[in-house]
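Dear colleague,

I am handing over the structure below, and my notes on one of its helices and the neighbours of that helix follow it.

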Amino acid sequence: SVTGFRAPLLQNLHDEAAAMIIHDGRRKAKWTHEEIEWAQVDKAKMLSTQTAMAVGLRGCLYPNLVIKTHIQTNAATGSTMNVARQAIKRGGYRALWRGFLTNQTGVIPAHSVYVTGLEWSKQHITRAANNWGCKPGTSSHIGSFIGGATASFCAQLVRTPTDIIAQRLMIQGSKGSQTTYQNGLHAFQTIVKTEGFRGLYAGLGAAVLVSVPFSALFWSSYTTLKSHIGHSMTHAAAFSAQVFGREEEIDIEVTQTAYFRPPFGIWEAVVFSSSAFISSCVALAVTNPIDVVKTRIQTKAKTGRTAEGGRLAQSGAGIIQHLISIVKFEGWGGLSKGFTSRVMTSGPFAIVGILVYEGTKHYAQKGKPTRC
């Protein structure tokens, strides 16, 4: 029989664990990971677990979002820590949680829409690409790219109104704040009264130009990196086994074929989390300039580093005008504002989120015991 390392953690592993394959005396490490499709999971389990994770994790990271908004609107200046101290000095620690409940009101339905759109689109597009004659790896990348973009677009339509209200509450009391709101409901009523329902979707174009490329780049990069990092780590495991003389623990049949299945909780967790963090940083770097513009449009901050910046925000200028103004009056560095805060928010969210995402797909898989 074919056997591998038999540590306690290796019991009850799933078929999608990594495998080291040995052929004819030559070690050839190969990372394999079988994706669980949307049709194979219990939707209620999947969505409830994912949404609970999103609410809890975004709640923990919410102060970073508040700080990012202050930096990008020039409501406060200096380093991330200095901006946090200014916000606390001005409004106490509660200032770091302004707009939280309003923000979560949009997160709950939006995240369910996002997960559903991602899985459904990725599954159908990958299958279509396979039917068109694409290689399996290429089909998976295409499905991840388009699926991520589709999911983000749909979710952005749901959460933009609460994003706008939350962001205006975040900078309330700062020099960039235009109006004082009593709470989220009062902000909603005021925006509708003074700007119409269109005001709830101010900056939607910029928001889509941030979220859609981010999501598409993240999922396509994640799919690619997961494969490359998985292969590299499998090679490292094979080398380690050989160097430390552990290959005798592998029982090789006459066919010279054996399998080494590393523990899901350690091996794949490192592959998933490292791939997610790198992918998140790449997508953040690409989309940050538009994120700065989006934040300024949606908050309608009346101040900037220059009078020109404040005038543009108040006049409803477009994306290109804002970009030109930022580069002209604040330099190219103005387009990187809030990047550190975004990494501090999206980096941990990507790591924990992807582990929960991959884990809940096993948990919610039909026909398997209820376990992560």
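Just after H3, Gly133 takes a positive phi of about 100 degrees. The model is predicted, so that local features need pLDDT of at least 70 and side-chain atom pairs count only at pLDDT 80 or more, whereas totals for chains, interfaces and linings use all residues. Residues are numbered from 1 along each chain as its sequence is written, and side-chain values use heavy atoms, with hydrogens and water left out.

H3 and helix H10 (residues 339–363) pack at an angle of about 60 degrees, with their axes 14 Å apart (axes are lines fitted to C-alpha atoms, for helices over the stretch in contact, and angles run from 0 to 180 degrees between N-to-C directions). H3 and H10 are therefore oblique to each other (under 35 degrees counts as roughly parallel, over 145 as roughly antiparallel, 65 to 115 as roughly perpendicular, and the rest as oblique). In their contact (heavy atoms within 4.5 Å), His111, Leu118, Glu119 and Lys122 of H3 meet Phe349, Tyr357 and Lys361 of H10.

Helix H1 (residues 43–72) packs against H3 at about 140 degrees, with the axes 9 Å apart, and H1 and H3 are therefore oblique as well.

Best regards

Methods
Helices (H or I, at least four residues) and strands (E, at least two) are DSSP runs, numbered from the N terminus.
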